[in-house]
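Here is a short walk through one protein model. Keep the sequence and the 3D view open side by side as you read.

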Amino acid sequence: MSVSVDPMTVNPPAHDTHEALRPHAENAFAAELAALAAQDDRPRPDRWRLSPWAVAMYLLGGTLPDGTVITPKYVGPRRIVEVAVSTLATDRALLLLGVPGTAKTWVSEHLAAAVSGDSTLLVQGTAGTPEEAIRYGWNYAQLLAHGPSHDALVPSPVMRAMAEGMTARVEELTRIPADVQDTLITILSEKTLPIPELGSEVQAVRGFNLIATANDRDRGVNELSSALRRRFNTVVLPLPESADAEVDIVSRRVDQIGRSLDLPAVPDGIDEIRRVVTVFRELRDGVTADGRTKLKSPSGTLSTAEAISVVTGGLALAAHFGDGILRASDVAAGILGAVVRDPAADRVIWQEYLEAVVRERDGWKDFYRACREVSA
């Protein structure tokens, strides 16, 4: 016997998206998704809102025949996006792998929004994620009163996605305990979720697939079993290839975040953004941009996401407590916090970088002074 899942029993009332601090992708970019759907005449897999070609355009950006501009959501190799989208059109699940800050969650959310129109069928992986978060749970009041029944069943996001032919998401898969991770094996191989208590099962309908994200850089990572890894097609998201590409990514995201937070516009911030990106890339790579000086790398990842956070914090300082122009003093404290994670070892590395590289660099005197001031 199969069990159907009524989405109305598990979906909470929708909030006004204008009041949301961070609207879901399908709400924030609803106009772009609608424009793509209206002009998308290519074949679509069952229950997909857009064709694979249109999903790729939504992520990579472009201009539609009617002049509608689709903003890039991901700046990187086109082939990576095409492989990811193509995977979702098959019966293979997608694993987005990369170091922290390579936009895995961002890409996962936008893929789900473009394919299914709903990015909220999400399991957030942590060391305490239980098996019920992936399979199903129970309404214990109903369970105690009437025993196991369909009414007492609380479907997980994965179960709902299976029943509705949608895209489920599992974030930070390698943070989930190994025995809980393996709950996905039957779901991904048999496309079935057994419910032994009811003597039934949920079978995935056409359109169902799953996107997981993972990294093996952070502490507390649980390796995927070979059996589970075989159920995924793995796509590695790299760090930005060039400083210009990373500056572009940081600038776009900071602008989006600033508008969502109603931060006053700060003119001429590109120079400071480029300096933040340069510092992060040099310390991350262990060598200066000109290749002449080798450097020690700190313990942190110094990812693009952290650069975005540093610049966003600097924008808030410049707008509310400065003269409205993003300056070195606005980003210095944020950089220090991102670089110095280990107070002993990282502080020495940072001081050496300041004295050997920043101090001698033309046009960086203000940056050197600001960083020395907050590092004192």
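This is a predicted model: local features need pLDDT of at least 70, side-chain atom pairs count only at pLDDT 80 or more; totals for chains, interfaces and linings use all residues.

Residues are numbered from 1 along each chain as its sequence is written, and side-chain values use heavy atoms, with hydrogens and water left out.

Start at strand β7, residues 167-171. Strands are DSSP runs of E with at least two residues, and helices are runs of H or I with at least four; both are numbered from the N terminus. Five of the five residues of β7 are buried. Buried means under 20% relative accessible area, exposed means over 50%, and partly exposed lies in between (1.4 Å probe, protein chains only). In a regular strand the side chains alternate between the two faces of the sheet. Thr167, Arg169 and Glu171 take one side of β7, while Ala168 and Val170 take the other. Both faces are covered.

Now look at the strands that pair with β7. Pairing requires at least two DSSP bridges between two strands. Strand β4 (residues 122-124) runs parallel to β7 and is joined to it by three bridges. Here glutamine 124 has glutamate 171 as its bridge partner. Strand β10 (residues 209-214) also runs parallel to β7, with four bridges between them. There threonine 167 is partnered by asparagine 209.

Next come the charged pairs. Side chains of opposite charge can pair when their charged atoms come close. A salt bridge here is a side-chain nitrogen of Lys or Arg within 4 Å of a carboxyl oxygen of Asp or Glu. The whole structure holds 23 of them.

Take arginine 79 and glutamate 82. Their closest N and O atoms are 2.8 Å apart. Both sit in helix α4 (residues 78-88), and because they are three residues apart there, about one helical turn separates them. Arginine 79 is exposed, at 60% relative accessibility. Glutamate 82 is partly exposed, at 24%. A salt-bridge network links Arg78, Arg79 and Glu82.

Which residue forms a salt bridge with arginine 135? The partner is glutamate 131, with the closest N and O atoms 3.2 Å apart. Arginine 135 is buried, at 17% relative accessibility. Glutamate 131 is partly exposed, at 35%.

Finish with glutamate 355 and arginine 359. Their salt bridge brings the closest N and O atoms to 3.2 Å. Glutamate 355 is partly exposed at 26% relative accessibility, and arginine 359 is partly exposed at 40%.
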